[in-house]
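Subject: Structure handover

Hello,

Here is the structure I promised to pass on. Please open it first, then read the notes below it.

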Amino acid sequence: MIKFHFHSAPRDVPALEAGKGDRLCHVYSDVSLEELIEWGTARGLKPDWIDRRHTLPHFDVRAESVADRERGVGRAELVRDIRAWQGRTDSQAGQAGPDYV
């Protein structure tokens, strides 16, 4: 399932033309990287734009681009999803299969 976590930018984000404090959104899948890529591609986002620096791959988008259509998840749900994702990737380490990280 595609999920949305709204937050304030901790610093300037030139790629999104966002300044510190602007509303942004992490868009992620709690199922697979393929689902996230499919969602992004349908909206003109390139797979190369996925932020993979953290445990949970996600797109960074401006909040107003999705806020009027999508319900966001709170921090507790985000943390649960990060832990579940990490558990799946840890258990798949060394196995053939989808690229999860």
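Start at histidine 58. Its side chain and that of aspartate 60 are joined by a polar contact of 3.2 Å. (A polar contact is a pair of N or O atoms within 3.5 Å; within protein, one must be able to donate a hydrogen and the other to accept it, and residues adjacent in sequence count only if both atoms are side-chain atoms.)

A word on the source. This is a predicted model, where local features need pLDDT of at least 70, side-chain atom pairs count only at pLDDT 80 or more, and totals for chains, interfaces and linings use all residues. Residues are numbered from 1 along each chain as its sequence is written, and side-chain values use heavy atoms, with hydrogens and water left out.

Back to histidine 58. It sits in the loop between α1 and β3. (Helices, H or I of at least four residues, and strands, E of at least two, are DSSP runs numbered from the N terminus.) Is histidine 58 buried or exposed? Histidine 58 is buried, at 5% relative accessible area. (Buried means under 20% relative accessible area, exposed over 50%, partly exposed in between, with a 1.4 Å probe and protein chains only.) Residues up to four places away in sequence aside, histidine 58 touches His26, Val27, Tyr28, Leu36, Trp49, Ile50 and Asp51. (Contact means heavy atoms within 4.5 Å.)

Arginine 53 lies in the loop between α1 and β3. Arginine 53 counts as exposed, with 63% relative accessibility. Its side chain makes a polar contact of 2.9 Å with the side chain of aspartate 51.

Now the sheet. It is open, has three strands in the order β1-β2-β3, and pairs antiparallel. (Two strands pair if DSSP finds at least two bridges between them.) β1 (2-8) and β3 (59-62) are at the edges with a single partner strand each, so one side of each has no neighbour in the sheet. From one strand to the next, the twist averages 30 degrees. (Axes are lines fitted to C-alpha atoms, for helices over the stretch in contact, and angles run from 0 to 180 degrees between N-to-C directions.)

β2 covers residues 23-29 and pairs with β1 over seven bridges. Isoleucine 2 has serine 29 as its bridge partner in β2. Histidine 5 has histidine 26. On to β3: four bridges join β2 to this strand. Cysteine 25 stands opposite valine 61 there. Five of the seven residues of β2 are buried, so β2 is largely enclosed by the rest of the structure.

Helix α1 (residues 33-42) lies across β1, β2 and β3, at about 130 degrees to β2.

Next, the cores. The largest nonpolar core has 14 residues, and Phe4, Val27, Trp39 and Phe59 have the most contacts inside it. (A nonpolar core is a set of buried Ala, Val, Leu, Ile, Met, Phe, Trp, Tyr and Cys residues joined through side-chain atoms within 4.5 Å.) β1, β2, α1 and β3 each supply at least two residues of this core. A second, separate core has five residues, including Tyr28, Leu56, Val73 and Leu78.

Last, arginine 88 in helix α2 (residues 75-92). Arginine 88 counts as partly exposed, at 26% relative accessibility. Neighbours within four places in sequence aside, arginine 88 is in contact with Asp30 and Val31. Its side chain reaches the backbone oxygen of aspartate 30 at 3.0 Å.

Best wishes
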